[in-house]
There are 2 protein chains.
Amino acid sequence: MYTEGVKFSEGIEWAIHCVAVLASVPTGGTLSNAALAEFHGVSESYLVKHLKKLVKVGVLESVPGPRGGFRLGRSADRITLYDIVEAIEGKEPMFQCEEIRGRFPGCPHHTPAKPCEIHAAMLKAELEWRKSLQGVTIQDINRQVKLSEERTQAGEVWLKEHLRLPVQ
Amino acid sequence: MYTEGVKFSEGIEWAIHCVAVLASVPTGGTLSNAALAEFHGVSESYLVKHLKKLVKVGVLESVPGPRGGFRLGRSADRITLYDIVEAIEGKEPMFQCEEIRGRFPGCPHHTPAKPCEIHAAMLKAELEWRKSLQGVTIQDINRQVKLSEERTQAGEVWLKEHLRLPVQ
């Protein structure tokens, strides 16, 4: 069943913010799902579902064990917003063509070989959306963010308490 | 509650096809909801909901009475795919920012004046999608459609049976 007033899942916002935070931790360090949920004020049990989807596509890596957690699966300049959106929402187009042009009762089952012009135009628009998201990396986002000194210091304190580093 | 794997309602496809068909009928003529539903092989009761949304925004006009029905509210070169999508799905962005950046426990209620960079990038992508749909009119779509002779003739027969013309 389709719903009207199409909206992305809240997981998109959560996932992008988590990847942006993980891109700011020292190399090799990880953050647990609990820490990321606390940082963003979101549900641990929902968040972990989204993080697992990011692991599945290689955007994140999951390090097992008591000092484990999540870290980037590749460098932040190689993770685009679209990689994250696709991991959470899937690859299927938002517009679903049911080929209703072929249902005309005066001439049933007559579907031209050429794709439906309406379908083509709807997919072209989605391509523009995708291209825009593919043009923005997590590195781009983090470079744009300007935090106040107070916020930066508070972030460093928080990170010291929550960062997990591998045993040397 | 958000759902994952975001999809537009089937109403988008139905509505665009109906407007394209109505753009092909002689000026002043109308088609009933029942005729449009039959033409596209879709549910009358669902279709009329979508057609009413198109009337509300002026894409269609509803002519009351036994010889009434639906017709274009303005010329086909002034109806874009986006006009129809917006009428069905509403104006709200697909990406909903919950400002989770402001929830950081180390420094709560600290939301910078500048919009969230992630939010801005997501909205920019939607703008590209919208611009693409705003660039395609129903006239453009109908000019691209090439029907076979058999299909054109069957369409003319069907239209003769279903077209409602105003009493002279």
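Predicted model: local features only at pLDDT ≥ 70, side-chain atom pairs only at ≥ 80, totals over all residues.
Which hand does the crossing of α1(A) and α2(A) have? The crossing of these two helices is right-handed.

Helix α2 of chain A spans residues 33-40, and its axis lies 11 Å from that of α1(A), at an angle of about 110°. Since angles of 65 to 115 degrees count as roughly perpendicular, α1(A) is therefore roughly perpendicular to α2(A). On the α1(A) side, the contact is made by A:His17, A:Cys18, A:Val21 and A:Leu22, which meet A:Leu36, A:Phe39 and A:His40 of α2(A). By class, the residues of this contact comprise 5 nonpolar and 2 polar, with no charged residue.

Helix α1(A), residues 10-22, also packs against helix α4(A), residues 81-89. Here the axes come within 9 Å and cross at roughly 135°. From α1(A), the residues A:Gly11, A:Ile12, A:Ala15, A:Ile16 and A:Val19 take part, and they meet A:Leu81, A:Ile84, A:Val85, A:Ile88 and A:Glu89 of α4(A). This contact consists of 8 nonpolar residues, 1 polar and 1 charged.

Chain B has a corresponding pair of helices. Its helix α1, residues 10-22, and its helix α4, residues 81-89, have axes 9 Å apart and pack at an angle of about 135°. The pair α1(B) and α4(B) is therefore oblique, and the crossing is right-handed. In α1(B), the contributing residues are B:Gly11, B:Ile12, B:Ala15, B:Ile16 and B:Val19, while α4(B) supplies B:Leu81, B:Ile84, B:Val85, B:Ile88 and B:Glu89. The division by class is 8 nonpolar, 1 polar and 1 charged.

The size of an interface is often expressed as the accessible area lost when the parts come together. Between them, chain A and chain B bury about 6100 Å², and 67% of this area is on carbon and sulfur atoms. In chain A, the residues that lose the most area to chain B are A:Lys7, A:Ile100 and A:Phe104, together accounting for 12% of what that side buries. The contact involves 68 residues of chain A and 68 residues of chain B. Across this interface, 0 salt bridges are found by the rule, which requires a side-chain nitrogen of Lys or Arg within 4 Å of a carboxyl oxygen of Asp or Glu.

Terms used: Residues numbered from 1 in each chain as written. Chains lettered and ligands numbered in written order. Heavy atoms only, no water. Axes fitted to C-alpha atoms, helices over the stretch in contact; angles between N-to-C directions. Helix = DSSP H or I, 4+ residues; strand = E, 2+ residues; numbered from the N terminus. Contact = heavy atoms within 4.5 Å. Nonpolar A, V, L, I, M, F, W, Y, C, P; charged D, E, K, R; others polar. Buried area = accessible area lost by both parts, 1.4 Å probe. Parallel < 35°, antiparallel > 145°, perpendicular 65-115°, else oblique. Left-handed = near helix turned anticlockwise from the far one by under 90°.
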